[in-house]
Amino acid sequence: MKLRILLAALALAALAGCTSITKVGPGQVTVKDLTLNLEGPWNKFESSALVLFQAPGATEIWTREGFTLDVLAFYVGIGDGEAIGQSLPRTQKKMPVFRLKMAPHEIVEAFETVVTQDGSTLKVAKIEPMRFAGGDGFRFEYELKRKGDSLLFNGIGFATVANKKLYLMAYSAPRTHYFPKLAPGMEAAMRSATIKR
Amino acid sequence: MQRRRFVLGCGCAAVGALPWTRALAQTPAEWAMPGRLQRPAADTDEGGLWAMMDREEQRTRRSGFLIRDKALQDYVNGIACRLAGDHCPDIRVYIVQTPYFNAFMAPNGMMQVWSGLLVRMTSEAQLAAILGHEIGHYVQRHSLERLRDVKSKSAFGQFLGILLARAGGVGTIAQLALLAGALAYSRDQEREADRIGVELMARAGYAPMEASRVWTQLLEELKAGAKERDEYWDQSVLFKTHPPGEERERTLAQLAAAKGPGGRTGDKEYREALALHRNEFLVDELKRRTFAETRVLLERMLAAFPDDGELQYFLGEAFRLRAEDKDLEHAVAAYRKSEAMKGTPAEMYRSMGLVHRQLGDEAQAGTAFARYLELKPAAPDGALIRTYIKRND
């Protein structure tokens, strides 16, 4: 049902002219002060009116195949004490706040809270230290079961804290077909990230 | 949520004006279970309602959130059948992984019970109270009763009736959405379902007083969580259309008292039936982030099983995740208690380490992380945990 509502909302918003999808890449693209070097083009979702269930309150949302399928979400430049993400309309849930003292485990818990507000479930399969955007960071893998249609997604995220701010990117796509097909390109995009520290 | 609310409404809304008023006039002792319901003709309003619910049932059957555990399913089916008597073959219970307190019955015999309800029940008799209530809605055909009531009172209702008469198995999402707001059970229907529920419990040999306890427990949670309640509770049909909780608690206790003492509670059987899923359900419960309610739930469970290390761990998690005022200190206290108990998961030490880290006690954090790795040497987050310890060195 949620998926249908989402599709309907997207269609309506597009008709109303308050949503636009623009092409980003290939080449160098910046999201706030995070720079990526893209091998191919992505679609960037821009809307002042909508919050996507897959990535509520993300700084930017990109996709390759369509927003109901694969989503690359950026939560970047979040300072100490600032909320990570945004409450879904009507829920008014208190969103988790980023703290400089947070461990990667706690950052992933916060991310999970944000992206499962619609009742989807997320299970972290792996979390490991990893260089990201030129500094110490971490990488995590997860499985997401979307509430609206029970579709199973795989996801990969990278995050780091730079200049006392959180930079997190997470990509998810349906486990069958889309994730195996798109994940390598997406991971390459994430690994190309740099931040001026 | 729309669809859930809709089905809840249908499960809880109904009509059949005659049988309903007759049942209201009867005392519980006189109440006789109506005969098995026959599938209504497809071109009637009731047939349309069933067709839509059939589609909803198909979706439920395919849902990735359906809990497919034969042992648990058989156990719940067994309770439903003991209560439903001759209606047993017509009632199909689906256990759905959703961490909210809810159960509902569709007019076609489909019943959903959510995991957030199961984890809150403390006995088989309490679950029987819920199932009995829902069966009450079904046998009294409350959904149809409600539909006809709405139809007779408004042009919109007449429109709904036309829509359903034409549904013939092809109910659309738009039709479902239309029905969502229209077919919530009335408070009188809820009261009647409560009375029938207690009656069915008593006939099946359950302790009827457990029905009232369901509400005592729920009210404790609701009162504790009033400030941080999320949208579900505020919007839930359960709380909009059901009689106030205090009234239900009181009335159910009176009905049970009239049945006399005795009856089986089935605490042990219930605990065993849910044992495999309790951890998962409590993990989901924490993710609701309604910590005051979760705390009441866990403290109630701990009162019954004070030496359960896993419950103590979850209590610590509730404090850790809220992290307000003295929560982190309370979390450490709960973790410390759980250390000496059976059933404490290795993850408790990881959480303890994270809390010590937040509190600035790096030495204690290091000790806890090391213990976690000792207990779980192949942990998928082992490499990262080692960086936490290294940082402390």
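How many residues does helix H2 of chain A have, and how far does H2(A) reach from its first C-alpha to its last? Helix H2 (residues 104-115) has 12 residues and reaches 17 Å, close to the 16 Å expected at 1.5 Å a residue. The expected span is 1.5 Å times one less than the number of residues in the helix. Helices (H or I, at least four residues) and strands (E, at least two) are DSSP runs, numbered from the N terminus.

The model is predicted: local features need pLDDT of at least 70, side-chain atom pairs count only at pLDDT 80 or more, and totals for chains, interfaces and linings use all residues. Residues are numbered from 1 along each chain as its sequence is written, while chains are lettered from A and ligands numbered from 1 in the order in which they are written.

Chain A has three helices and 11 strands. Along the sequence, its pattern is α-β-β-β-β-β-β-α-β-β-β-β-α-β. Buried residues make up 40% of the 197 residues in chain A. A residue counts as buried if 20 or more other C-beta atoms, placed from the backbone, lie within 10 Å of its own C-beta, as exposed if 12 or fewer do, and as partly exposed in between. In H2(A), the buried residues are A:Pro104, A:His105, A:Ile107, A:Val108, A:Ala110, A:Phe111, A:Val114 and A:Val115. An α-helix has 3.6 residues a turn, so residues three or four places apart point the same way. Among contacts in chain A between residues at least 6 apart in sequence, 50% join residues at least 24 apart. Two residues are in contact if their C-beta atoms, placed from the backbone, lie within 7 Å.

Two loop residues of chain A call for comment on their backbone. Most residues other than glycine have a negative phi. A:Ser150, not a glycine, has a positive phi near 60°. A:Ser150 lies in the loop between strand S8 (135-145) and strand S9 (152-162) of chain A. This serine is partly exposed, with 15 other C-beta atoms within 10 Å. A:His177 likewise has a positive phi, of about 70°, although it is not a glycine. The loop that holds A:His177 runs between strand S10 (165-174) and helix H3 (178-191) of chain A. With 11 C-beta neighbours inside 10 Å, A:His177 counts as exposed.

Chain B comes to 21 helices and three strands. Of its 393 residues, 47% count as buried. Among contacts in chain B between residues at least 6 apart in sequence, 73% join residues at least 24 apart.

Helix H17 (residues 309-322) of chain B has 14 residues and reaches 20 Å from its first C-alpha to its last, close to the 20 Å expected at 1.5 Å a residue. H17(B) is mostly covered, with 12 of its 14 residues buried. Among them are B:Tyr313, B:Phe314, B:Glu317, B:Phe319, B:Arg320 and B:Arg322. The cover over these buried residues includes helix H15 (267-287), helix H16 (291-304), H18 and H19 of chain B. B:Ala323 follows H17(B) and has a positive phi, near 50°.

Helices H18 (residues 327-339) and H19 (residues 347-358) of chain B pack at an angle of about 150°, with their axes 10 Å apart. Axes are lines fitted to C-alpha atoms, for helices over the stretch in contact, and angles run from 0 to 180 degrees between N-to-C directions. H18(B) and H19(B) are therefore roughly antiparallel, a term for angles over 145 degrees. H18(B) contributes B:Leu328, B:Ala331, B:Val332, B:Tyr335 and B:Ser338 to the contact, and H19(B) contributes B:Met348, B:Ser351, B:Met352, B:Val355 and B:Gln358. By class, the contact has seven nonpolar, three polar and no charged residues. Ala, Val, Leu, Ile, Met, Phe, Trp, Tyr, Cys and Pro count as nonpolar, Asp, Glu, Lys and Arg as charged, and the others, Gly among them, as polar. B:Glu339, in H18(B), is partly exposed, with 15 C-beta neighbours inside 10 Å. B:Glu339 and B:Tyr349 are 10 residues apart in sequence and 8.7 Å apart in space, C-alpha to C-alpha.

Helix H10 (residues 187-203) and helix H14 (residues 245-259) of chain B pack at about 35°, with their axes 10 Å apart. The crossing of H10(B) and H14(B) is right-handed. B:Asp194, B:Arg195, B:Val198 and B:Ala202 of H10(B) meet B:Arg248, B:Thr251, B:Leu252, B:Leu255, B:Ala256 and B:Lys259 of H14(B). This contact has five nonpolar, one polar and four charged residues.

Conventions: Angles under 35 degrees count as roughly parallel, over 145 as roughly antiparallel, 65 to 115 as roughly perpendicular and the rest as oblique. A crossing is left-handed if the near helix is turned anticlockwise from the far one by less than a right angle, and right-handed if clockwise.
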